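Have a look at the picture first, then read on.

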Amino acid sequence: MTHGGSPTFVVAPWIKMPIESAGYASFRTPSGGITTLREDDFFHNRQVVSLGDTLHLDSAQAG
């Protein structure tokens with residue numbers, strides 16, 4: 001994502017945050033970060049597994 005605050009518009013609805021609360025949340029990530037979201041197949045619980053992970057960038061610089 002190009003802007004650090006953009007994940008807020010994905011993560012907030014993903015976790016089913018009430019719209020009236022969304023203005024108080026900020027899910028910021030660094031450029032090139034990977035966010036992983038997961039939904040349980042049985043209970044349908046939603047989880048933010050990682051937010052803005054940049055470990056893949058470190059390995060690209062080493063090579």
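What percentage of the 63 residues of the protein chain count as buried? The figure is 17%, where buried means under 20% relative accessible area, exposed means over 50%, and partly exposed is in between (1.4 Å probe, protein chains only). Keep in mind that this is a predicted model, in which local features need pLDDT of at least 70, side-chain atom pairs count only at pLDDT 80 or more, and totals for chains, interfaces and linings use all residues. Residues are numbered from 1 along each chain as its sequence is written, and side-chain values use heavy atoms, with hydrogens and water left out.

Now for the overall layout. The protein chain has 2 helices and 2 strands, and along the sequence they follow the pattern α-β-β-α. Helices (H or I, at least four residues) and strands (E, at least two) are DSSP runs, numbered from the N terminus.

Let's zoom in on Thr8, which lies in helix 1. A polar atom of the Thr8 side chain sits 2.8 Å from the backbone nitrogen of Phe27. Leaving aside neighbours within four places in sequence, Thr8 is in contact with Pro13, Ala25, Ser26 and Phe27, contact meaning heavy atoms within 4.5 Å.

Next up is Ile15, found in the loop between helix 1 (8-14) and strand 1 (34-39). Together with Val48 and Leu51, Ile15 forms a nonpolar patch on the surface, with about 200 Å² of accessible area together.

How many aromatic pairs does the structure hold? There is 1. Phe42 and Phe43 make up this edge-to-face pair, at 4.6 Å centre to centre and with 90 degrees between the planes. Rings of Phe, Tyr and Trp (its six-membered ring) pair if their centres lie within 6.5 Å; planes under 30 degrees apart count as stacked, over 60 as edge-to-face and the rest as tilted.

Here is how four of these residues score for accessibility:

| Residue | Relative accessibility | Class |
|---|---|---|
| Thr8 | 12% | buried |
| Ile15 | 34% | partly exposed |
| Phe42 | 63% | exposed |
| Phe43 | 58% | exposed |

Notes: Patch = residues over 30% accessible without salt bridge, like charges linked within 9 Å, V, L, I, M, F, W, Y side chains within 5 Å. Areas by Shrake-Rupley, 256 points an atom, 1.4 Å probe, with all protein chains shown as cover. Salt bridge = Lys/Arg side-chain N within 4 Å of Asp/Glu carboxyl O. Polar contact = N/O pair within 3.5 Å; in protein donor to acceptor, adjacent residues only side chain to side chain.
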